[in-house]
Structures are given as C-alpha cells and as structure tokens.
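Dear colleague,

Please find below the structure I am handing over to you, followed by an account of what was found in it. I would be grateful if you could read the account with the coordinates open.

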Amino acid sequence: MKIISLNLARKDDLGEDYDARIKRIAKFLDQERADIVCFQEVSFSGTQSLADDINQLMSRPYKNIWSILSRKCKISNIAPAKRATSMKKLYAKDKNAIFTDGEAIMSNFPSTKQAVNHLHKVPTDERGRRDPHPRIIQNIDFDTLKISNVHFAANNNAHFQLEETLGKIKHDRVIVGDFNMTSAQIEQYRNLWQNDYHEASETYKYISFPADGVAYDHVLIPKQLKLKSLKTQDNLSDHSAVIIELMNL
C-alpha cells in the first residue's frame, strides 16, 4: 500500500505560476501511482477543489476524490493580528477575497465509511502566534486500510490537537498529514502514541519543509502494520511530498 501526503499550499500562495505548479504535482502523481493521496491546505472555488484541478490534469486520474472544506470566510472579517502570514501575502491586494482551506483524499478504492471530527483551536503559543483555522480530522475507511488525514495548528501548541485526535479516533487507523510539529516534538510527546503506533521518523530521517530543514509532515502507523519505505519529493509546494509504503506484519 503506497500513500502520499502533501500540503499543497493554497492557490497562488507561493508567488509562482499556479498552472505550472499543479501540472508538476499532477505529473508527480502519475509517476508515483500511489494507492491513496492525502492533501492538506486545499483551496476551493465553489464546489471545485484544488484536488479536483490536479486530478483533471493527470493522464490517469483517480476515480474517487473526497474534498472537505474546513474554513470559508472573507479576509476582511478576520482581525489583522489573527491572519496567518500566508493569508496576508495572498490577500494583501484584495481585502474582500474569500479565504478557503480544507483537506482531500484521492484513491481508486471505493470508501466504506467517511467521517469528520472537528478539533478545538489551540492556545496561543509563547511567541504570541494565534491559529485562526478551525481544524478537522478527515477519516476515510477502505476495505484494506483506515486512514485519517490531519492538519494541525501552525504554532507550538499543535500537540494539543495531536492528543485530541488520538482521543477521538480508534487506534487502528493510519494518521498522516501536516502535524506542524518537528520530529523532536513528536518524540517529546511519545507518551501520547507509543502504545499503539510507530512513527515514521523513528525509522527514516527526512525533511519535509526544506525552508526550515525539518519534518513537519508525519505518519503514525498502527503496530499491526510495518513501514516498508519512505521517500520525499521537493519542488511541488513549500512542503515536500512524503511517500510511504506500508505492509502487514
């Protein structure tokens, strides 16, 4: 079972040509042919998501896309102190722009169950950074695997949402996504997950956010599964794609 996780960065958020970037992502997905793809920071335009845009560019598109919007609002209604840096950059010229953010899972497998859990906002961290985004856990069950796609708060209190996630879901699920925690922070909170999970960076040392030289994107693997391989792919977003292969013990 091959799984890819990638924080896409919202549309135009990186200051480069949007069409060229999503073509690179589509080509990468065609080459990898993962069984399941998990996206975070998915922009929406009406009912069409960034995952749909990418899938339509693929030579062999996925049959099933589950996209879910976690936030939609006018930027002008958000206090400036609460705007994330990327939001300021993206909407500086249009104060009435609609900010959207969500998650998506793509696969050729049919789902047997879908569910969403809503997470509480985390406290302000010691540097005064606030996280304005409501966060969700996107849960999809397949016949052969259950997966939870997450995107935790972008500050030093993301571990609260990790703990809440582990309290809301059964521990037979692969948890993948942008944890906004370094490998050292994941290790610091090992007591939250060590009884039921392996964590990918225990076995593979990798970087998923090149600008900071750290891994913010992680995979918690139930102990009945084994991590067969892990690699990353740069130049698709500000995050690297994390590509893992799992096998049964």
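A cavity here is a set of grid points where a 1.4 Å probe fits but cannot get out. The model is a predicted one, and it holds one cavity of 30 Å³ or more. The volume of the largest cavity is about 40 Å³.

Which residues line the largest cavity? They are Ser70, Asp101, Gly102, Glu103, Pro134, Arg135, Ile136 and His151. Strand 6 (98-107) and strand 8 each contribute at least two residues to this lining. The most comes from strand 6, with three residues.

The structure contains four aromatic pairs. One of them is formed by tryptophan 66 and phenylalanine 142, in an edge-to-face arrangement with 5.8 Å centre to centre and 65° between the planes. Tryptophan 66 belongs to strand 5 (residues 64-74), while phenylalanine 142 is in the loop between strand 8 (135-141) and strand 9 (146-151), so this pair ties together parts that are 76 residues apart in sequence. Both tryptophan 66 and phenylalanine 142 are buried. Trp66 and Phe142 also form one aromatic cluster with Phe109.

Another aromatic pair joins phenylalanine 209 and tyrosine 216; it is tilted, at 5.4 Å centre to centre and 55° between the planes. Phenylalanine 209 has a relative accessibility of 15%, and buried means under 20%, so phenylalanine 209 counts as buried. Tyrosine 216 is buried as well, with a relative accessible area of 17%.

A ring is also involved in a contact with a charge: the charged end of arginine 33 sits over the ring of tyrosine 62, at 5.4 Å from the ring centre.

As to strand pairing, strand 14 (residues 241-248) pairs with strand 1 (residues 2-7) in the antiparallel sense, over four bridges. Within this pairing, isoleucine 4 has isoleucine 243 of strand 14 as its bridge partner. Strand 14 also pairs with strand 13 (residues 225-233), again in the antiparallel sense, over eight bridges. Here glutamine 233 stands opposite alanine 241 in strand 14.

Serine 49 deserves a separate paragraph. Its place is in strand 4 (residues 48-49). Is serine 49 buried or exposed? Serine 49 is buried, with a relative accessible area of 1%. Serine 49 caps the N-terminal end of helix 2, where a side-chain oxygen lies 3.2 Å from the backbone nitrogen of alanine 51. In helix 2 itself (residues 50-57), the buried residues are Leu50, Ala51, Asp52, Ile54 and Asn55.

Finally, arginine 173 is found in the loop between helix 4 (158-168) and strand 10 (174-178). Arginine 173 is buried, with a relative accessible area of 7%. From arginine 173 to proline 222 the separation is 49 residues in sequence and 6.4 Å in space, C-alpha to C-alpha.

With kind regards

Terms used. Residues numbered from 1 in each chain as written. Predicted model: local features only at pLDDT ≥ 70, side-chain atom pairs only at ≥ 80, totals over all residues. Heavy atoms only, no water. Phe/Tyr/Trp six-rings, centres within 6.5 Å; stacked < 30°, edge-to-face > 60°. Buried < 20%, exposed > 50% of the residue type's maximum accessible area, 1.4 Å probe, protein only. Lys NZ or Arg CZ within 6 Å of the ring centre and 35° of its normal. Pairing = 2+ DSSP bridges. Polar contact = N/O pair within 3.5 Å; in protein donor to acceptor, adjacent residues only side chain to side chain. 1 Å grid on protein atoms, 1.4 Å probe; cavity = no way out; pocket = protein on both sides within 12 Å on 5 of 7 lines; lining within 4 Å. Points joined across faces, edges and corners; volume = space filled by probe spheres on them.
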